[in-house]
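Please keep the sequence and the model in view while reading.

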Amino acid sequence: MLCNLCFCIFLCIYLAYSYCSNSISRVCHDTFIHNNNNNNNCLRLSDEAMRVAVVYRLGCKSCEPRTCVCDKAISARGLHGLACRRSGPRHQRHSQFNNILWRASKRASVPAMKEPAGLSRDDGKRPDGVMLLPWAKGKPLAWDVTVPDTYADSHLADTATTAGAAADKAANNKVAKYRQIANSRICVPVAIESAGTWNHQAVELVQELGRRMTAVTEDTREATYLFHRMSVALQRGNAISFHSTFTTK
Ligand SMILES: [Zn+2]
C-alpha cells in the first residue's frame, strides 16, 4: 500500500488539479482518495490501482505505446482499455456496481432482485435490478447501470467541454430504453463515467439508499460508505481494464 507521504503528495496534486478543472462544478465522486488510509480492505486500492487512477486523472504517461490484443493502437496514456471491446473486465466492473446496489437495497430493508425477467412482455428488456417493495409513489424502483468512457472518441468532444456529458447521454439512453416499464416502475439510470462523474439520478439514488440504510442501522455514515464502495469499485475496474490490454506474448 502507498505510504502516507505518497498519499498526501497525490492528494495535494489531485486537489490542485480538481480546483482548476471544470469537473469541480459537477458531482464527481472520486471519494476513493479520501479513504485509502482506511483499514477496511474493501475500501482500499492496491498500489497499482492507485497509480492507474492517478495517471489517468493527471493525464500522465501510464505505459509504453503498443498494440492491444484487439489490434488497436494504445497510446502512452493507456486509455484504450477503458473502452476496448475485447476487455472482459469491463463487464466485471458493471456487475460489481450492480452487486453493491443490490446489497445496499437489502441493507435498507428493501429486498431486490437482479436482472428480473418478464418485466416487459413487449420487448423483453431487463434492467439490472428491481426492488420488490414500493420505493416511492407506490411503485418499486428499477435501476440499470452503465459505465460510459469519458475518454472514448465518441464522447471526447462533449466531455472535454461539459463535465458529465457522457454520463448524462448514457442516462438519457437508458430512460428511453426502459420507457415501456416506466408506467409500473420508477426507472433510475445509474451512469458512472470512467473518469468518475455521475449522472444526478444516480447520486440521488445513492443518497436515498444511504438515508434508508441509516434508518435501519442508525449509522449516519451509510451514504458516505456507499459512495466510497462505488468509487473504489470504479477505480479497481479501471485498473483491471487497463491491464487487460497487455498481451502475454
Ligand atoms: Zn483493445
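## Helix α5 and its surroundings

The buried residues of helix α5 pack against β5, α4, β6 (186-191) and α6. These buried residues are Ala165, Ala166, Ala167, Asp168, Ala170, Ala171 and Lys174. A residue is called buried if 20 or more other C-beta atoms lie within 10 Å of its own, exposed if 12 or fewer, and partly exposed in between, with C-beta atoms placed from the backbone. Helices (H or I, at least four residues) and strands (E, at least two) are DSSP runs, numbered from the N terminus.

Helix α5 covers residues 165-177, and its 13 residues should span 18 Å at 1.5 Å a residue; the end C-alpha atoms are 18 Å apart, which agrees. The expected span is 1.5 Å times one less than the number of residues in the helix.

## Basis and confidence of the model

The model is predicted: local features need pLDDT of at least 70, side-chain atom pairs count only at pLDDT 80 or more, and totals for chains, interfaces and linings use all residues. Residues are numbered from 1 along each chain as its sequence is written.

The pLDDT, the predictor's confidence in each residue from 0 to 100, has a mean of 84 over the protein chain, and 80% of the residues reach 70 or more. Confidence is lowest in helix α1 (residues 4-20), at a mean of 52, and highest in helix α6 (residues 200-217), at 97. Over residues 18-25 the pLDDT is below 50, and this stretch has eight contacts in the model beyond near neighbours in sequence. Two residues are in contact if their C-beta atoms, placed from the backbone, lie within 7 Å.

## Overall organisation

The protein chain contains seven helices and six strands. From the N terminus on, the order of these elements is α-α-β-β-α-β-β-β-α-α-β-α-α. Of the 249 residues in the chain, 41% are buried. Among contacts with a separation of 6 or more, 60% join residues 24 or more positions apart.

Helix α7 has 22 residues and reaches 32 Å from its first C-alpha to its last, close to the 32 Å expected at 1.5 Å a residue. Because 18 of its 22 residues are buried, α7 is largely enclosed by the rest of the structure. Val232 belongs to this helix and is buried, with 24 other C-beta atoms within 10 Å. Val232 and Ala49 are 183 residues apart in sequence, yet 9.4 Å apart in space, C-alpha to C-alpha.

Helix α2 (residues 47-58) and helix α7 (residues 222-243) pack at an angle of about 90°, with their axes 9 Å apart. The two helices are therefore roughly perpendicular, a term for angles of 65 to 115 degrees. Glu48, Ala49, Val52, Ala53 and Tyr56 in α2 meet Gln235, Arg236, Asn238, Ala239 and Phe242 in α7.

## Loop residues

Tyr151 lies in the loop between β5 (141-146) and α4 (153-159). With 19 C-beta neighbours inside 10 Å, Tyr151 counts as partly exposed. Tyr151 and Ala166 are 15 residues apart in sequence and 9.3 Å apart in space, C-alpha to C-alpha.

Most residues other than glycine have a negative phi. Asp71, in the loop between β1 (66-67) and β2 (73-74), has a positive phi near 75°; Asp71 is exposed, with 7 other C-beta atoms within 10 Å. Glu115, in the loop between β3 (112-114) and β4 (129-131), has a positive phi of about 45°.

How values were computed:
Axes fitted to C-alpha atoms, helices over the stretch in contact; angles between N-to-C directions. Parallel < 35°, antiparallel > 145°, perpendicular 65-115°, else oblique.
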